[in-house]
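Hi there,

Here is the structure I promised to pass on. Have a look at it first, and my notes follow below.

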Amino acid sequence: LSYWGIKEGDEVIIPSYTYCATANVIIHSGAIPVMVDINKEDFNLNIEKVREAITEKTKAIIAVDIGGFPADYNDLMTLINEPKIKAKFNGNSDRQKKLARILLISDSAHSFGALYYGKRSGILADISSFSFHAVKNLTTAEGGALCFNLPEQFNHDDIYKEMCAKILHGQNKDALAKTKKGNWKYDVIEPGFKCNLTDIQAAIGLVELDRYQENLEHRKQIFDAYSEGFKNEPWAILPIYES
């Protein structure tokens with residue numbers, strides 16, 4: 001949100017069912033979180049409720065994937081590209097004006113590894129965020145990742161450089177780069193944040209990533225066993241996992 005120029009007076013649409021972090025980051029940016037209702041089947045954002053909530057102040061939508069099940073990203077992308085909805089949009093920053101529509105963000109913390117119309121979670125929205133917290137499918141004990149999937153008019157190499165600085169107090173070189181010969185000098189180019197993944201956490205993540213598919217298959221076996229065991233019980237509501 002900081003990168004995108006979200007600020008005081010802006011609105012960001014989020015589902016009413018999510019962890020507090022989704023709303024907290026909006027409040028930290030000075031903007032207003034606008035909560036909308038969810039689908040009763042999959043607990044994800046209700047498209048029509050999103051439509052009703054869009055105003056001229058809406059700068060972004062954060063969809064939250066629940067229980068591994070991705071939100072309706074095709075429908076959300078169709079919605080924000082409708083001529084009437086785009087005509088409402090009022091971009092403040094250069095990036096917002098270049099996109100010329102509402103930004104679609106995916107909180108993909110629950111959907112690591114999920115498939116949506118043949119595409120992996122992480123490229124379903126303009127920007128996706130993953131959590132590698134200890135309770136997630138893939139963990140580095142703590143930490144996460146951002147994935148950028150902006151349209152062609154955005155240079156992703158430049159975005160990578162910008163984000164590397166933004167997550168390290170605005171420094172234009174990290175600790176490893178500064179150890180190289182003649183590289184001791186660096187600049188602080190913006191008042192950034194401190195949220196880079198440590199080397200130890202990254203090492204844990206590489207091992208977890210290597211065995212992730214095997215873990216996913218094991219989780220699926222457990223899921224299927226529970227589904228089979230409860231399918232004939234009148235009091236049991238089985239969670240949707242495929243549509």
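Which residue stands opposite Leu103 in β4? That is Ala60. Before the rest, some background: this is a predicted model, where local features need pLDDT of at least 70, side-chain atom pairs count only at pLDDT 80 or more, and totals for chains, interfaces and linings use all residues. Residues are numbered from 1 along each chain as its sequence is written, and side-chain values use heavy atoms, with hydrogens and water left out.

On the strands (DSSP runs of E, at least two residues, numbered from the N terminus): β3 covers residues 58-64, and seven of its seven residues are buried (under 20% relative accessible area, 1.4 Å probe, protein chains only). It pairs in the parallel sense with strand β4 (residues 103-107) over five bridges; pairing takes at least two DSSP bridges. Strand β1 (residues 11-15) also pairs with β3 in the parallel sense, over three bridges, and there Glu11 stands opposite Thr58.

Of its 38 lining residues, Gly67, Gly68, Phe69, Ala114 and Tyr241 lie nearest the centre. Helix α9 (a DSSP run of H or I, at least four residues) gives the largest share of the lining, eight residues.

Best wishes

Methods
Buried means under 20% relative accessible area, exposed over 50%, partly exposed in between (1.4 Å probe, protein chains only). On a 1 Å grid over the protein atoms alone, a cavity is a set of points where a 1.4 Å probe fits but cannot get out, and a pocket is an open set with protein on both sides within 12 Å along at least five of seven lines; lining residues have an atom within 4 Å of a point.
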